[in-house]
Amino acid sequence: MAGSRDGSFDSSSQSDDSHLFERRHLEPIYDTFLCPLTKKVMRDPVTLETGQTFEREAIERWFRECRESGKKLVCPLTLKELKSTDLNPSLALRSTIEQWTARNDSIQLEIARGTLSMSSSEMDVLQVLKYVQRLCLKNQSNRSVVRNAELIPKIVDQLKSSSLMVPSKALETLRIVAEDDDDNKEILAQGDTVRTIVKHLWHELSRERAEAVSLLYELSKSIVLCDKIGSVNGAILILVGMTSSQSENVVTREMADKTLKNLEKCESNLRQMAECGRLQPLLTLILEGSPETKLSMTAYLGELVISNDVKVLVARTVGSSLINILKSGDMKSREAALKSLNQISSYETSARLLIEAGILPPLVKDLFIVGPNHLPMRLKEIAATILANVVTFGEDFDKIPVGPGRQTLVSEDVVHNLLQLISNTGPAIECKLLQVLEGLTNSASTTKSIVTAISSSGAMTSLVQFIDAPQKELCLASLKLLQNISPYMGQELADCLRGTSGQLSSLVKVITEDIGVTEEQAAAVGLLADLPERDLGLTRQMLDEGAFQRVISRIHRIRQGETRGNRFVTPYLEGLVRVLARITFILPEEPDAICICRENNVAALFTDLLQSNGLDNIQMVSARALENMSLESIKLTELPDLPAPGFCGAIFPCLSKQAVISGQCQIHRGICSLKETFCLLDGQAIEKLVALLDHPNERVVEASLAALCTLLKDDVDTEKAVILFMDVDAIKPILNVLLERRNLRRKAVWAIERFLRTEVIAIGVAEDPNIITELVDAFQHGDTQTRQVAERALKHVDRIPNFSGIFPNRN
């Protein structure tokens, strides 16, 4: 008798514990059951002419090896030469072996079932599971044997084992049991088995995850189980994650991908995959599915919340198809297409792809068309939203045809239609259409066309009225549009705001409302700041409404840090400063403006704002405002009351001493201060302006230089002003402006000519060849005024003869 069921006597088989279970509790095995060549139980025994019996496959291999080596064909046992290689089936022996095998398998299955039912050791359970695997792999029909023995539920129970090895082996065994066997798959579909399998996808052991994925792949070949797997919460999510997870090996990732492809058979699974970012299957159905399927998938696409990368994929894959549905589909299909296009048009790259695919003409047509098959207003709102999205990111709209006669979005007729639609619809669509116009005015190439159309339609008054809209989004859209067109229609816009409708008051209220800082406030203050700063009527109305005091209060609160971290703070603060600077343009005509500036110490505020590092516009506007205020200093300066001379002094003036007045301004010759007379000598204003002369932004330098030059004008004591400039080291920075800022040469030459009237400075400049070269160049190539000033400067340093004493002044 042989020592094992399969007759394997080699040492390697003795150490393989996969046979330990099979070596127990068997009927005796007879030597005649074993093939002499393989030492294993035969399945298809055949007999040679010598009477010896072998496994068919083994003896055929023996014959083949003999022929290949050139040896004679002999019997492996007797070594007698064979006259014939005919193989005679040994049917009786085969039948006996099959009966013996069946009896032993039955005994083994019963033992296996008992082992899996009781609290067996890990070793015993593993041996049983390996036995079941070998049994199924031996013969496909054995899978039904395992099923009939009711082993499958017992194996499923092992998935909940606390052992480290048993669950993984159980998953592997179930996969083998289920291979190509629908009945076994049906058993696994019952109860909570699939949910239990899915849980193993989250296991910390990679081998267990891999086995779970492999089992799910096998089960997903069944349409019934596809639906069952997809219904388990999180199953598709984890599978999608595994396809791209670097913590999984390549085989596991590929198996997860193949499983998902099988799960695509169920429409509900496709939706889940789309939600998890695996959108390609859904997109494929939109392209290739039946009309009903296309509609269903398109409608679902419109409901999804998708990432920007996925929006690009969708636009690139099905953008053209969705646009075609928009052009020719029935109303239900067009609605689904609009909702999907709305989703993917909200990202720049995908919006540009839709423009390239031709989305503009059908959108414009759907918005304007009236009559049969026209869109209801709720769908026109979606169309307007899509159009607003794409114009935000696109460009060259003056070159893309959208209607007959190669009309574009910025053609006058199209803009007129948009404006008319705005006037005849509700707030929701009005808001979107205003956003369309705002988007079109974000580009200089298209803004002028929009401005022309608005002007010719007389729509400015209507657009301004939206400032009072109770809907915040509608108000914001109008503010941003008006801000964009204000550089082109500023005076017309200012005239509308000055009217009796109260929009200016509404604008000021929005700006100064104490609600933090919103986008609406930033847009409102930007609009007001962009209006013509020298419109005295508008500024006076703001003065009458107390707008400037509220603006000052908001600036102080922002500078105290009450609204940090808000992305609208910077543009809002910049707008507030620009609005406040308006008051400095009416100082000569408005005593009330002077009072407000004094009461709120506005000059000191602008002086402090000069140090707003990184906020170039605020620094520039503050310097310009200080220039305007400094020009008023000479008028506001209080001239001191000099004491009357004594009796002798009145008769003999040479005997009187000049009175000394303390606190007198050297430049303005009176009592000055930054707060009351806006004198730049106070509050270190000069030093802060000088510090900005080397600013990288030339506009900041220009404004700072202009403010400093107010202290060198003819109506002040220029000689003392120059001395003061020397004391604060301001001469060299201004000379550097001449050398380094060619665009600011006119103002720099003017200031330097004033400096050169002082002999000490003239001597120093005369020795600097670079300064002389720049002055000569200004004299030769500057405009008329610059050449005249440069000529006087060169005379101060004796580079041009001074003939004033020879030729009389002919003027």
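Guide: Once neighbours within four places in sequence are set aside, Leu409 is in contact with Leu360, Val364, Leu387, Val391, Phe397, Ile400, Val402, Val414, Val415 and Leu440. The model that shows these contacts is a predicted one. Leu409 belongs to the largest nonpolar core, a set of 191 residues, and is listed with Leu580 and Phe606 as having the most contacts inside that core. Helix H26, which spans residues 472–497, supplies the largest share of this core, with 13 residues. Another core lies apart from it and has 53 residues, including Tyr131, Leu171, Leu225 and Leu239.

The cysteines may be considered next. The count of disulfides is 0, where a pair of sulfur atoms would have to lie within 2.5 Å to qualify. Cys75 is in no disulfide, and its nearest cysteine sulfur, that of Cys66, is 11 Å away. Cys75 counts as buried because its relative accessibility is 0%. Cys665 is likewise in no disulfide, and the nearest cysteine sulfur, belonging to Cys679, is 3.9 Å away. Cys665 has a relative accessibility of 8% and therefore counts as buried.

Notes. Residues are numbered from 1 along each chain as its sequence is written. This is a predicted model: local features need pLDDT of at least 70, side-chain atom pairs count only at pLDDT 80 or more; totals for chains, interfaces and linings use all residues. Side-chain values use heavy atoms; hydrogens and water are left out. Buried means under 20% relative accessible area, exposed over 50%, partly exposed in between (1.4 Å probe, protein chains only). A nonpolar core is a set of buried Ala, Val, Leu, Ile, Met, Phe, Trp, Tyr and Cys residues joined through side-chain atoms within 4.5 Å. Helices (H or I, at least four residues) and strands (E, at least two) are DSSP runs, numbered from the N terminus. Contact means heavy atoms within 4.5 Å.
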